[in-house]
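Please look over the sequence and the structure before reading on.

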Amino acid sequence: MRRQPFGRTGPAVPVIGQGTWYLDEGEPTVAAAALNRGLDVGMSHVDTAEMYGEAEPLVAEAIGDRRDEVFLVSKVLPGNASRRSTIEACERSLRRLRTDRLDCYLLHWRGPHPLEETFAAFEDLVRAGKILSWGVSNFDAGDLDEALSVAGPDRIACNQVLYHLEERAIEHAVLPWCRRHGVAVVAYSPFGHDSFPGPGTPGGRVLAEIAQGHDATPRQVALAALTRGEGVLTIPKASSPAHAAENAGGGSLTLSDAELARIDAAFPRGPEPRHLPML
């Protein structure tokens, strides 16, 4: 599995991690088995959030005594992101995850509380040893400019954003910004939201043809294409152990320049949107 630094000062983590949004809607034992299989095949970056229902306790159950293997991330809801409430939210997440620290803690999206308050709370949590780093999610380039002016250099570890082959808006401004400032990009929903291109679509046929040449699957090709560049990680959700193992295979797949050009032609970036897309 290829690895990328998690921010300018963070550790190297696998380019393919594990998301947990909606994970609690399935059978808990299957979800736990999928997470454990993901750890077995190298997907040690596990992402969750207080918003994700019962995902945090499910992650705790799945990880068990493997906590030291995991790069664990959770998020605070914007409505809870005042200085005091951020600390309280983090402590709730720690209890639900049955751990004493998070490897990274994120502001889920911009909300009513000033960034100065949220980031001050993050720094309080770092000093207390309850989080090792912090970042943001769903921040556009203008939001990142403001965040940098508040936080200073090398404090924002990552920006978690919507990114899949049919939604490449971050490539216009957000991805270049993050690369300039040493901020990792973590792509959520890398297969789209129940909209992965099927084999009967033009794009789906391109992915299938490229996959055949690598003895891979179209989803593995998509993950390899998304994580081709500097500083890009992704966190697909797996609904079964087999699906987790399939996702992991995308992290060791190398595509040629010609194959990447075919994918780019099949899934054009499109014009820069007025607002950053998010789910």
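## Overall form

The structure is a predicted model. Its protein chain contains 10 helices and nine strands. The radius of gyration of the protein chain is 18 Å, close to the 19 Å given by the globule rule for 279 residues, so the chain is as compact as a globular protein of that length. Taken along the principal axes, the C-alpha atoms fill a box of roughly 50 × 40 × 30 Å.

Of the contacts between residues at least 6 apart in sequence, 77% join residues at least 24 apart.

## Burial, surface and charge

Buried residues account for 52% of the 279 residues in the protein chain. The accessible surface of the chain is about 11,700 Å², and carbon and sulfur atoms contribute 50% of that area.

The chain carries 28 positive and 37 negative side chains. The centres of these two sets lie 2 Å apart.

## The annotated residue H108

An unreviewed UniProt entry lists H108 under "binding site". H108 is located in the loop between strand 5 (104–107) and helix 4 (115–127).

Is H108 buried or exposed? Its relative accessible area is 6%, and residues under 20% count as buried, so H108 is buried. Apart from its neighbours within four places in sequence, H108 is in contact with A49, M51, Y52, K75, V76, L77, P78, S137 and N138.

Terms used. Residues numbered from 1 in each chain as written. Predicted model: local features only at pLDDT ≥ 70, side-chain atom pairs only at ≥ 80, totals over all residues. Heavy atoms only, no water. Helix = DSSP H or I, 4+ residues; strand = E, 2+ residues; numbered from the N terminus. Rg over C-alpha atoms; globule rule 2.2 N^0.38 Å. Buried < 20%, exposed > 50% of the residue type's maximum accessible area, 1.4 Å probe, protein only. Contact = heavy atoms within 4.5 Å. Areas by Shrake-Rupley, 256 points an atom, 1.4 Å probe, with all protein chains shown as cover. Lys, Arg positive; Asp, Glu negative; His and termini not counted. Charge placed at Lys NZ, Arg CZ, Asp CG, Glu CD. UniProt positions renumbered as here; feature names shortened; annotations may be inferred.
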